[in-house]
Amino acid sequence: MAESFEDLFDKIVNLSKRRGIVFPSAEIYGGFRSTYDYGPVGVLMLRNVKDAWWRSMVQLRSDVLGLDASILSPPAVWEASGHLANFTDPLVDCRSCGSRHRQDKLDDPTTCPTCKTKGELTEPRRFNLMFKTNAGPVENEGAVAYLRPETAQGMFINFANVLNTSRKKPPFGIAQIGKSFRNEITPGNFVFRTREFEQMEMEFFVHPSEADQWYDYWCKERFQWYVDHGIEESKLRLRPHDDDELSHYSSGTSDVDFLFPWGWDELEGIANRGSYDLDQHAKHSGQKLEYFDQPNNERYVPHVIEPAAGATRTMMAFLMAAYDEEIVNDDTRTVLRLHHRIAPYKAAVLPLSKKPELTGPARELLATLQPHWMVDYDETQAIGRRYRRQDEIGTPYCITFDFDSLEDKAVTIRDRDSMDQVRIPIPDVAGWLSEKLV
Ligand code: ATP
């Protein structure tokens with residue numbers, strides 16, 4: 001384990017930089033606060049987080065359909081959704097040092113967390129978090145557009161399109177993964193809170209009488225998803241919101257929280273939103289957004305259960321949950337014990353030496369695996385150091401091609417977690433891996 005829990009945060013940030021997982025953005029220009037670039041290893045991991053979500057939420061179900069809606073949208077959408085009026089955070093300024101803070105996140109709302117001066121924070125002002133821009137070459141009110149602060153509205157405004165073009169009827173869902181933008185007052189804690197981030201959201205449309213049961217279902221389902229992908233249950237909790245935290249239209253919201261180094265914090269919110277969103281868009285657009293149940297001759301506006309997760313934030317939680325250090329032969333081994341579905345590379349092919357007689361057939365083996373999985377290849381440095389590098393990026397299996405391989409046509413496969421090694425005939429490697437990586 002990292003020496004202390006707080007320590008873990010720095011270790012993850014350092015590891016991310018050192019191993020190409022996450023880089024601070026625009027670093028060669030001195031950086032751009034709280035924006036991040038996902039490096040060669042991080043891009044694979046982030047993609048795996050999103051693929052794992054899509055697999056569970058869309059691929060393995062027959063009642064959820066996908067969508068990829070636009071990021072830019074006209075003010076009318078945000079007028080109807082209530083974001084223009086209400087998507088605000090309480091902003092306070094410190095008169096003493098000039099720093100700005102989100103009042104609802106302060107431990108002590110009378111004291112500036114930057115300069116510690118008491119009684120110098122201004123009254124809160126409502127600060128709208130949406131990024132406003134202009135579409136087209138003319139800057140006037142008619143050209144105003146917003147970058148979406150959530151992906152959810154894409155599903156509501158396409159409700160009728162999806163209903164009319166698919167053969168679905170409630171209960172069914174529309175799922176989307178994509179970028180969202182919020183002009184956060186106090187971004188921070190690495191990729192936990194950034195102004196540009198990725199979300200994984202699903203709107204599940206149900207008959208009003210079934211909303212409560214589906215809400216319970218999705219709370220359980222979403223909690224279990226994190227457990228199934230390798231986060232210990234002791235680091236997760238499902239926290240129902242108190243009544244005073246609920247938005248006026250919500251009859252229930254629960255967060256899936258993760259135990260971050262600074263305490264419990266949200267990974268995902270599951271909300272029972274009633275018919276609020278469809279009602280609002282129906283009212284503002286003048287379009288009917290309802291479902292006609294022909295056999296029962298019943299027309300109704302479906303209620304919505306929304307599991308809304310952050311992909312980038314979830315990736316950070318996976319990194320923290322998987323990080324481990326252990327002493328091996330008087331040396332500290334750092335290992336990311338990631339679930340294989342989340343691990344950036346599933347395997348690495350490592351020829352024992354750089355000699356062409358080994359690298360040639362090792363690359364041939366690599367070529368047989370690449371159509372199926374992301375497989376790394378590394379022929380530099382001593383084998384022990386190469387194993388450590390793969391451990392640090394969470395590669396479940398290292399496949400070593402040695403001089404004996406030329407004779408026995410077999411390779412050694414080392415398990416990341418146990419470090420056990422097995423000898424497997426080369427033609428069986430792909431089959432062996434596919435059994436392990438189900
Ligand atoms: P918070 O209270 O932390 O600002 P929220 O409750 O407004 O977040 P939601 O609108 O429910 O967040 O968004 C759903 C999910 O999107 C969150 O659970 C989180 O994982 C992710 N998310 C929201 N804002 C950010 C952000 N600024 N950076 C990274 N991820 C975010």
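**A guided tour of the predicted model**

Begin by selecting Glu184 and Arg102, whose side chains form a salt bridge with an N to O distance of 3.7 Å; the term denotes a side-chain nitrogen of Lys or Arg within 4 Å of a carboxyl oxygen of Asp or Glu. Glu184 sits in the loop between strand E10 (172–181) and strand E11 (196–206), while Arg102 belongs to strand E6 (residues 100–102), so the pair links distant parts of the chain, 82 residues apart. Helices (H or I, at least four residues) and strands (E, at least two) are DSSP runs, numbered from the N terminus. In the whole structure, a search finds 35 salt bridges. Side chains of opposite charge can pair when their charged atoms come close.

This is a predicted model, in which local features need pLDDT of at least 70 and side-chain atom pairs count only at pLDDT 80 or more, whereas totals for chains, interfaces and linings use all residues. Residues are numbered from 1 along each chain as its sequence is written, and side-chain values use heavy atoms, with hydrogens and water left out.

Next, colour the two domains, whose bounds come from an automatic or database domain assignment: domain 1 (7–72 + 150–319) and domain 2 (345–436). Their C-alpha centres lie 36 Å apart. Six residues of domain 1 are in contact with six residues of domain 2, contact meaning heavy atoms within 4.5 Å. Between them the domains bury about 630 Å², 57% of it on carbon and sulfur atoms; buried area is the accessible area (1.4 Å probe) that two parts lose on being put together, summed over both. On the domain 1 side, select Arg19, Val41 and Leu44, which lose the most area to domain 2 and together account for 70% of what that side buries. Two salt bridges are found across this interface. Then select Arg19 with Glu392, whose side chains meet in a salt bridge at 2.6 Å, N to O.

Now display helix H2 (residues 42–59) and helix H7 (residues 211–228). Their axes, lines fitted to C-alpha atoms over the stretch in contact, come within 12 Å and cross at roughly 145°, an angle taken between N-to-C directions on a scale from 0 to 180 degrees. Val49, Ala52, Trp53, Ser56 and Met57 in H2 meet Trp218, Arg222 and Trp225 in H7.

Finally, inspect two backbone features. Pro170 and Pro171 are joined by a cis peptide bond, with omega about 0°; Pro171 lies in the loop between helix H6 (159–165) and E10. Ser34, although not a glycine, has a positive phi of about 60°, and its place is the loop between strand E1 (22–24) and strand E2 (36–38).
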